[in-house]
Every structure is written in C-alpha cells, then in structure tokens.
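Here's a quick briefing to read alongside the model. Have the sequence and the 3D view open as you go.

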Amino acid sequence: MTRMESNLQQLGGSPGELAGRLRQAEGGALALVQSRSGHPTAKAGARWVHSAYDPVAESRLWAEAQQTSWKDGEVAVVLGVGLLYHVEALRDRAGRERTIVVVVPDLREWRDACEARDWGTWASEICWLSGPVATVARELAGLGAPLRLLPYGPAACLHEEYYRALEAGLRDILAAQASGRVHVAVVGPVYGGSLPIARYVVSAMEQLGHRVTWVDHSLHHASYEAMGAIQSRRNQQILQGGFGDLLARFTLARIAEDPPDLVLALAQAPMSLGVLQQLRSKQFLRAIWFVENHRHLTYWQQVAGGYDYWFVIQRGACLDALRAAGANHVSYLPMAADPTVHRPMELSEAELREFGSDVSFVGAGYGNRRDILPSLLTPEWSFKIWGNEWEGADALRPVLQRDGGRVDTITCMKIFNASTINLNVHSHTGRGFDPEGDFVNPRTFELAACGAFQLLDRRTLLPELFEDHELAAVSSSEDLPAHVRRWLHDGPGRDAIRAAARARVLSNHTYVHRAKALLSEVGVSEPDRIGALLRGAREAERLIERTGDCPELASLLCAPASRQRVELRDVAAEIRRKGPTARLSQAELLILMLDEYRCETRDVA
Amino acid sequence: MSRKVLILNVTRMGDLIQTGPLIARLRYEWPGVEVDLVVDRQFEPVARLLDGVRHAHAYDFSRLGHECRVMSRDVVELYRQVKAWAAPLLDERYDRLVNLTFTRRSGLLASYLQIPDVRGVVSAPDGSTSIRNPWLAYFTDLHHYRRFNRFNLVDLYALGGSGVGPHAPLSLAITKEARDWADECLGAGRPPHGWLAIQIGASEVIKAWRPAYFGQVMADLSRRTPIGFVLIGTESERPMVREALMVYRQAGGTAPVREMVNRTTLTQLGALLARARLLLTNDTGPMHMAVAVGTTVIDLSVGHVDFRETGPYGRGHWVVQPDLDCAPCGFDRICGHHACKDRIEVRQVADLCAHLLGCGPAPTSTTGIKLFESDVDGDGLVHYRQRGGCEDALQEWYGRWWRSYWFAEFTGRPLDRDVVIGEAPDRDIQADIFAQLDPLLRALRAHVSHLDRLARRMPIPARELQDVHRSLTGAQREITRLTEGSPAFAPLTVALRRELACDEAMSIAAMAQARGRAFRRWSERVQRVSACIGASGHEPRPGMSSRAATLCRD
C-alpha cells in the first residue's frame, strides 16, 4: 500500500468523500525539501511553509501558542495546510474531546501533504472541510459551537483571498444571526466631524437592539474652547492636553461603573494610551472606528497598540501602516448614512428659495475647493456655497451664504434636498482633486440617502461601494463645469441616478449595516465574548444546557426575569431578592461571591 | 489526629508575610497543626517562603475579578471554574478557617467552604456579612478610632486566628540559590559600609514619601559615609525611582547605585534585602519582607498609613511619622495636599539613616515629626516607643488604656505590662457624657428585657416587637450622637453598631435576641469603662442637654 493510500485510510468517512477527491487531485503546489532535522519540509515558490531546520519543533511552538486563545468548548478552525505538522501538533496537545477542523482551500496542496509523510491516527481525529467558500462557511456555522480561527501564517498566506472570503462569510452568517444583546460603550470626541458619526453609531446600535452607554464628550466642548483663549500657544496646548487626559479618566470612571462588552471609540475621542492600557489590563475589549484620513490625522501612530480592533475608511497603505504601528486587527469599514437623519424632505416654498440653487456646495474652505469652485462661477446657473472657513476666498464671496457661518445638520439636509446638483469635492490641501483620493466621505452616503443628486470627485474605493449608474463621478477638476452643464440639463438622468443611489444606501450603506459588520467582525475574532452574545449563547436556555455537572446552577438560571441574556449579575440579583430570612445554598453563596468580584471597580478607574 | 487550619489571605504581599506569626501561634496552640493558605497566584512564591505552611492554594483572583466584571466568561463557566478550584478545599475538612481578607467576597467564600470554626469575615445564611471573633471584629472597628489603637495587625491576626501565646517574629526562608544570586548581584564593587536598600514607591501614591526627598537623602548620605544604594520597586514605580535618581545626581550624589526595579523575583528580593544593612521605605510589602529577613527598617509612615496598625513588626525598627493634625488621614479620604510628606525633613531622615548605619548620633531635630522605635512587650505584643517629637497626651493615655481594656475584654486576663493607672485626663468631660447616657442605659435595660420576653412568645408578637425595635433604633441614634467623638465611649458605640449590623440570626425571634444581646453588652461596657476611667458618679454640669433623659421617658 502506498503512503498516500495508507494516509487516506485515516480520513475514514470524512464528509464529501474527500478521500476520493484527493485521489483525483494533482499535487505540485508545494516543493518538498528535507529539513536539517531530517523531516520533510516545504516551500511554495521562494516562501518557506515550514521551518527549514525543524518543522516538528516549530509546529509544537505554534500549537502551544494557540492554547491561550483557544478556549474550552470552542471548535478550532485551522487555516493553512502545508504539510500539516502544525495540525498534528495541535491535535497532540488538545484533549480528544476538543474538535479541530482544517479548512483545505487547495486539494493539490493537501495531496502534497498526503504524499510527503506518514500521517498517524491523528488525521482521523480531524474534521476536514474543502470546497467553495460559501459552502465551507455554512458547514462551519452549522457546527453549532463557537469557532476559534487559528491561522498558521506561513501556509495560510498561500490562500489569503480564500481565507479572507471565508472569514467574511462567517461574519455575514453571524451578522444574520445576531440580535440585540451586546452592551457597547460608544466614546465620542469633544467636537469635530466624527461627533455626528458617533451619534449615528449610537442610534444604529440601539436600532439593532443593543444596549449603548454613550460617553458624550461634546458636553465639554465649551471648556475646551475656553482654553483656546489662552494666548500662549504652549500653555494652551498644555491645558488642552491635560483636559484630554482628564476626559480619558472620566471615560474610564464611566466605563468602570457599568462595564460594557465592547468599548467603541470614534476618531478623536479623548482616549489616551495610558487609559487604553489600563482598560486592556482589565480585559476590556477596545475598538475604534477611525473615520479620518490616516495621512492627515496621524495620532493613530501613538495609540495603534491600544485598541484590539481598528476599523478604518481606507485600504492598502492605511491597513499596512496601522499594522506596522502595532495594531493587531485592522479592518476596512467605510462610511455610511443614517436614513432617519439623511432623508428626502418636503420643503416649503420659502425653504426652497432660501436653500435651493442649481448648484450648491456645503463644506469648509479647504485649499482644493478654493481652487476648483471659482470655475463654476458663471451666469449659466445659480451657485451657492455653504459652510465656514472661507476667509480670504474673495472670488467666492458673492456666492458664500450666511457670511460663511457653520451649517447645522438639518440645514444641510434642506440644502441637499433643495439643490439641483450638489457638489461633493473631497477635501485636500493641494490643488484640484486629491490625487491620492481613496476613501469615500460621509457626504457621499448622506446625499445619496437624501435622494439628492451629487457630482463628486472620483475615488479609488468608490466602485466597490456604488456602481456607475448610482453616482455621477468626475475624474478631473477641469471637467467639473462641463459635467455640471450636462447634468443640469438632464432631469430624467439625474432622477434615475439619485433614486438608484438612495436605494443602494438603504440596502448596503447605513450605519446599521456598519454596526452589524463591526460587531460581527469582532464576534468572529472573539467567539467566546461578542461572538457568544451575538449567537445568543448566553440566553437562559442555552446556559442551562451547559450546566452539565453543576445541576444546582440550572435552577438558579431559571429565575431571572429576562431570559434573553442572563449574566452573573442577573442571577445574583435574583438571589439577593430572597431577603434577610433566606438560607442560601452553597451554589448561591458562590454566585454572590463572584458577583462581589464583579462589583469591585476601584482598581479600574 | 492533627488539626487542619485554612488561612484565607487574598490581599497583598505584605499581608501575606504578616501571616507568619499567626501560623507560629497556631502551632503553639495545636502542635502538629496542618496549615494551608489561600492566596492570590501572584504571591504564591511568598507563601512558599513562609514557615509552617503545608500547602498554598493559589488562584488568580485578580483575573477572576476582571472576568466577572467584563463578563468575558459566562456565569456557567465562572461558576464551574471556581467550584472546581474550591473542591479540594471542601474535601480537606478543615477544623478552622481564619479569614484575614476583610471583604464581603472572602466572607462568602468562607461560608461556602463549610468549616465549623470560621474566624473573621463570614457570610450569614442570608448572604449578608458578619464577623466572627472579637479580635478580628476589633480589626474592622478600629478604623473608626485609629488614634487610640495600639495593636499591630500582626498581633490581631495571631490573637484572632489563634489566641494568646509567645511572640514570634515575621520570618521568610530565603533559599541558598537566592542568597547566592544576591551575593553575586551586590558583591562586585561592594561599598565599604555595605548597601542601603530603598523602596521609593508604594502601592498608592498617598502612601509614598516624595521621590525627590528620597533622592536628597541618598545624596546627603553619600557625602557622609561610603555606602551604596539598592533601589527596589515594581515596574509601575519606575518613574518615581527615576525622579529620585535624577534628584540624587543633581544634588551631587556619588555613591554607587544598584537599580533593581522589576529585576528580581520575590525570593530574590528577599535575598537582596537580607544583604542590605538597612531598608528606608514607605509602608509596603518589601518593608515586611525586610523585617522578615532580619534587616532593620526605617518606615516613613505617611498618608493614610498608621504605623501602629501596619508598621514594622518586631524589635529595633524605626518609624518616622509627620506631626500633623490630619495625619494619618482616613482611608476613604482623598487628600489634595499631601502636606504630611513635606513635614518630614530630608535631614531628619538622613540623620536617622546615618545613626542606624553607625556613622552618626541619634537625630536631635524632630521638629514636625514623631519618631518611634518598635519593641515587643511582656505579652509578646509589638508596640512602639516614642524616641522623638511630642505625642498628644490625651491620645497617648487613651491609646494605652484601650489596649489594656480590649486585651482584658477579649482574653479574660489583664496585660502584664502597659497598665494604665489613674483617671482619664478628660475625666470631667467624659463624666458629663456618662451622666447623659445614664438614663438611656436604664431605659435600654427595660427595652432589652421586654425584647427578650417578646422573643420567647409564640406566636411572635410582631407589632410589639416592631414597637420595641423602633425604640431601640431611636436609642441607637441617641447613643451615637452622645458618644460621637468621645475617646471613652465612641469605640464601644462602633462595636455596638457593628454587632447590630452583623447578626447571623435566622428567625425574627433570634434576631430580636441578638439585638438585645448587643445592647446589653454595650450597656455593660459603658458602665465598666466609665467606672474604670473615673467618669461614674458625677452629676452633669449645668447646661448639658437632658435630651437623653427625655428620650428615655418617651
């Protein structure tokens, strides 16, 4: 019997008759080499898939390192095949009752592994999955247990796309299962563009049924501004820095009083590295949605390692830069709209007169806008500019509304709804359109959600968010007047685009979509925490099923009034309700003891 | 069959080291006793150095706290995990549990373990908190009248966890390996007069003398004597050590410095301290460790630290305490000025160090401070002899008096030494208070007798019990008002309040009886105290309130 046949016997009756498929597969994905230790090792192109020295020892170390993250009751899903040394090592370390799944993206690689060395009985104790991503994701989700993804980097990187798609598939399944059970503390900034985003996130989380603690630092804006009156720039910075630290500690104190499952900061939230480290030492999960251009606002470099999860609005260099700065988990999460705020409006005649025009622009007077917008000053159409920071832009003064005063959200919505063409030019400190323009700003989604027509500068990340028939994009600032002219005279074309854009936002790009995506992303990586909450694993019935060798606990879990999510505090509260003449059982005493630990907050704030 | 005792000490390193004399006392009480400890995992190495410990049951309680708080594990996992850990403790069938962790949660664990004789915080059957053993109850009371406390908590641990017995010092067994390591560490370039160890940080900033002052003391000493400095501390204390070093160098310090912050295991730290001639320190775990390895200590007792409670245990250690009305401050107080730290002058500390290193006379200037030297009295209890500065006479008199009183009250025999003779310095004031309490005492006696009778009736006369309960609650309020601030009676009222709050009764009748017992005990103590300090038999001075009498008539 050949080695391959002998190995295939270990697979037994694996699902999908994998052995048969493996027999038919061709090898050759990996180049086999002998390691210094004498064991076969492998390369894929120039890349080593296992150690050139001792693949067995290396795999043992990898398996050992996984033990800290792989919790009891979780199914380990190994990503990366290679010659399977790491799978064997993991199987050796884990108790037989623990389930290990290996996802095989490429049967050729698996065949190489099968021919390279003898498998022991361990291979029969592995659940092998192979096939289209969607199928594998469904099968994994169908296992009904929390999944702990354990990537073996050197092999996993050979099929990066496949595994990324698999993770996305798992996220989607989790998001579809999810219902409102998570307690999220949203920490907002003192002021600035991310402040309204924070409000939209709060609203979205609540719409999803999650509990939100809104740490609203905009209350402190007046004090922050007052420090700006200090003439010495140095003193001003010292004071504002100290004020930021104070607000960070305030956040800590708020969080300590009602610990959330996830602390979610928005860009510019006053969270110092010290406070983030304090939260980490107390096991709080920390995430940030950095809704800023990472090239312009660079403080992320100082706090990259302070968050468990970074969500950013750019791809490519942004992801790389954050990872290089120490961020563990960085994901792309584009901006969105809130249809309860950004919506079509019926305006009165007076409002149409005040806010309406053929062409309008809302925003601050960045350099590129000052450069581009004068080209639109023509008697051919009416033009209005709204927003602040336009000092010195004399050419635009005749069309600047309200003397360059700040425009609030409701006014903004009225302008969007009243304008025939809304210009959406992403900010840039240079001239013309931003040559590095990648992310899509919130305005894009907001205008679309309003059912307003917009002309925007083309962005590299736009095509994956909107199709061509959903938005009108312009590639060069020089072409802008011609596009305005064209669309101004194409009413039906505008109507078709704005309807399509709104439909697209409502189906894909609301903050509710983003909140779901964010939580499921964290949930896939934290199957025992956020993942468990989203799956409903902490509902009374599910908990009772797991009491097993602790039957005395089952009766205590039946008691809490809320069955949706039962936590330690709920069980303890029920026990305390028994009053002063109760004689508590040992189980009840133990629960109260645990709850006393829960209540201790002095070491947090 | 040998006895088994479990000691619950889930606090800090220093508290664990301070458990040593209790273990020795238990072996005196029950020769051959098997003593186990429950400790936090991070201090398990220290538990292994304690003499007479059979087994240390370690658990990561800090992590448990985090997990419970952030709900990183669900209630089933948390429960199962702790239950599994506690199972061997249940199997041991201990004869006694001494709970030296004065928290509600430790009380719940103590009750969970179902040990017949529990001393310290325990959970009542309904889950509320109670305290068993008078010495350990005293420990919880004394924070209300700290200035009159004259018992070191090490003695309270031993008296409460066991009983009266011979003095045993703090002791840690340092391994040869650790000693060799310390020799190697400090051997090269050893200064002629050896090493002075310095602990600059503390677990809380309020407890730490200012780092800059430590730096100045080092610089001063480096000019006087050829000594070297070993700086110890944890990673979180590193900024303070850096500040001290910066000041030291700016002030012209030239002596060798070994910066050992976060570079030792706990055992190595003990060995390092054993090699030092002296430790200059805030009230910290390393202070107790130094005492336990036989190194003389200078304790800078600042902030809310009261050396009489937690100061160095044993003979020949020194304490510097700021002479300030608010020092030591209350545990719950957030101090905005830390003025006590500035009362202690660098020169005074340097002089004391130089004296103890044998290169200078005893300090002569004690302006702004009080200086004490620790000693052991004939009863084997630690006390602190004043060596400089002025102590408030009234405070000192009551301190000594209460020490005698409580010892006699709890042990049934007088102290061999330290007996206070004569009347209280403020006898007339206390007599006035007693005169106001007297009618209240008489009324209380009647209420309590009535309560006893009602509690024995079946069925329970609920309404009448409620009436008496209301009267007693009113009486309690009045007692608190009258005795508040009184050095003669306030400690008794603190005990009364605690007893009323901590009853383990399971029925209305038993609750009523427990309540009656608490008031009766308070009445008896008040009468005994007033007689002892010469406050009985005096008429109230004109103008004093007669509200107590009125209340009693009501």
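Two strands count as paired if DSSP finds at least two bridges between them, and the elements themselves are DSSP runs numbered from the N terminus: helices are H or I over at least four residues, strands are E over at least two. This is a predicted model, where local features need pLDDT of at least 70, side-chain atom pairs count only at pLDDT 80 or more, and totals for chains, interfaces and linings use all residues. Residues are numbered from 1 along each chain as its sequence is written, while chains are lettered from A and ligands numbered from 1 in the order in which they are written.

**Confidence**
- The predictor puts the complex at an ipTM of 0.90, with a pTM of 0.86.
- One stretch to treat separately is 540–554 of chain B, where pLDDT stays under 50 and the model has 21 contacts beyond four places in sequence; a contact here means C-beta atoms, placed from the backbone, within 7 Å.

**Chain A overall**
- Chain A holds 26 helices and 18 strands, and its C-alpha atoms fill a box of roughly 90 × 75 × 50 Å along the principal axes.
- Of its 605 residues, 46% are buried, meaning that 20 or more other C-beta atoms, placed from the backbone, lie within 10 Å of a residue's own.
- Take the contacts between residues at least 6 apart in sequence: 68% of them join residues at least 24 apart.

**Two sheets in chain A**
- The antiparallel one is open and three-stranded, ordered β1-β2-β3 (chain A).
- Its edges are β1 (31–34) and β3 (47–48) of chain A, each with a single partner strand, so one side of each has no neighbour in the sheet.
- Strand β2 (residues 40–44) of chain A is joined to β3(A) by two bridges, with A44(A) opposite R47(A).
- The parallel one is also open, with four strands ordered β6-β5-β4-β7 (chain A).
- β6 (127–130) and β7 (147–151) of chain A are its edge strands, pairing on one side only.
- Five bridges link β4 (residues 75–79) of chain A to β7(A), and V75(A) has L147(A) as its bridge partner.

**A covered helix in chain B**
- Eight of the nine residues of α6 (residues 104–112) of chain B are buried, including L108(B), L109(B) and Y112(B).
- These buried residues pack against α26 (586–599) of chain A as well as elements of chain B, among them β1 (4–9) and α5 (75–92).
- Just after α6(B), Q114(B) has a positive phi of about 55°.

Technical notes:
A residue is buried if 20 or more other C-beta atoms lie within 10 Å of its own, exposed if 12 or fewer, and partly exposed in between; C-beta atoms are placed from the backbone. Two residues are in contact if their C-beta atoms, placed from the backbone, lie within 7 Å. pLDDT is the predictor's confidence in each residue, from 0 to 100.
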